[in-house]
Amino acid sequence: MTLYEVLNGLDVQSGIPDVEITSLTCDSRQAGEGCLFFCIEGTRSDGHDFAAAALERGAAAVVCRKDLGLPRQILVPDTREALGVCCNNFFGCPADKLTLMAVTGTNGKTTNTYLIKHILEKAGHRVGLIGTIHNEIDDVTLPARYTTPDPIQLYAIFAKMVEAGCTHVVMEVSSHALDQQRVAGCHFATAAFTNLTQDHLDYHGTMEQYYQAKKKLFSICDVGIINMDDEYGRRLLSEVPCETISYSYQNVEADFTAHSINFALKDSRFALMARDRLYRVKMTTPGYFSVSNALAALASCDAVGVPLEEAVKALEDFPGVVGRIEILPTNTPYTVIRDYAHSPDGLQKILETVREFAPGRVVCLFGCAGNRDRTKRPKMASVVARLADFCILTSDNPRDEDPMRIIEDALPGFEPFNTPYKVIVDRYEAIEWALKNAQKDDVLILAGKGHEDYQVLPYGTIHFDEKEIVLKILKEMEENAQ
């Protein structure tokens, strides 16, 4: 593909010859013959400082925001936006050949994308998925490094999806991705907003900046599917320029509403009122947040033409999501659940849900992440102390922070409550203690890791799959008891 074909759609003026472009990069170390280098300004370094090095390595041209006085430079107002547009062009405009459906919010993104994908597939569509756990091209899975990939990876994945015959793509769009314009060049048929609660303030600084980052998604979509039960969702409904569909399990004024909600250990049932019709819904996961996720998914699929009767029917055999209120096969007189909840709101939702059906004590094992927002640590402990009958405070991903220092930051959250708790710094040892001390009818929640099969420690990353660990410890306990 030639340079000016790659630049199509950008307002640029350049006297550079229309040479052949063989690759795109933001890393000067990867620059070579036929490469188009983009100068991206990051939090730690500025790509403009490496433009000359990219040219020395043989790059055909550099795309920059500042006049660097270099030969073969192409000036644009915004290099991040230009990167997205150029990626779409370079990979054959795959985004224009797919129905893109987005989900954003603090919690619920992953479950929503899986719900939407399941419904679409039941309706006969071939569907790609991009998100936190992994990426899926129809039935082929690929590892995911970030919730939303960078534009070069994103459009390459889109191209593979088109090649595989996919017609729809469901993707999680994070606030980081929106702030960094990783979805520049995309236009979404639908964008669902789940909720906004304290998280990622180490990056955004304030809740207002966090909200404004999320809001950007609704300027590049046709229909916004917005949660009326969330205070930021209600604000969003009055501020976005796109068409909106609201959903709620509390407010009858919403377009999609849930009534007569009933929970059991392994399912939820409710009546859906939408399009002036009533539908009976049964799904395989419990909790009000599960009902909310179902409403968002049903409204999203309805907006792209899936009949609601088919969508509702599809929910009956939804298999659930790894690490999202996942009941582990322990064959014990107590229940063990692993869940990705790692924020105050996420913990509150899982604990409130479990309290609805727990026959005995609710025991919560959790930790707080290192190198992340320290202000939410005592808030997380406070939520667990308020809603659990017993707490085990341990490590999550401490990264390069002292694990005990993280725990000390969280401990003040326990002070207003009389809830008994135990501190065990090593997460493996904490899980082992929890299993050995669990009582009949307890529901033990392992919160924070969810689908993750690793733990990031000060000395490096180790394999750490909590499902494997639980089954291994239980097997050892059984053998020792014989």
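**Burial and salt bridges, checked against the cut-offs**

Q: Why is Arg361 called partly exposed in this predicted model?
A: Its relative accessibility is 24%. Buried needs under 20% and exposed needs over 50%, so Arg361 lands in between and counts as partly exposed.

Q: What makes Asp442 and Arg361 a salt bridge?
A: The N to O distance between their side chains is 2.7 Å. The cut-off is 4 Å, so the pair qualifies. Asp442 sits in the loop between helix H15 and E21, and Arg361 in the loop between helix H12 and strand E18, so the bridge ties together parts 81 residues apart in sequence.

Q: How do you know whether Asp442 is buried or exposed?
A: Relative accessibility for Asp442 is 3%. That falls under the 20% limit, so Asp442 counts as buried.

Q: Why do Asp409 and Arg405 count as a salt bridge?
A: Their closest N and O atoms are 3.8 Å apart, which is within 4 Å, so the pair passes. Both belong to helix H14, 4 residues apart, or about one helical turn. Shared partners also join them with Arg374, Arg377 and Glu401 into one network of salt bridges.

Q: Why is Lys449 called buried?
A: Lys449 has a relative accessible area of 0%; with the limit at under 20%, that makes it buried. It's in the loop between strands E21 and E22.

Definitions and conventions
Residues are numbered from 1 along each chain as its sequence is written. This is a predicted model: local features need pLDDT of at least 70, side-chain atom pairs count only at pLDDT 80 or more; totals for chains, interfaces and linings use all residues. Side-chain values use heavy atoms; hydrogens and water are left out. Helices (H or I, at least four residues) and strands (E, at least two) are DSSP runs, numbered from the N terminus. Buried means under 20% relative accessible area, exposed over 50%, partly exposed in between (1.4 Å probe, protein chains only).
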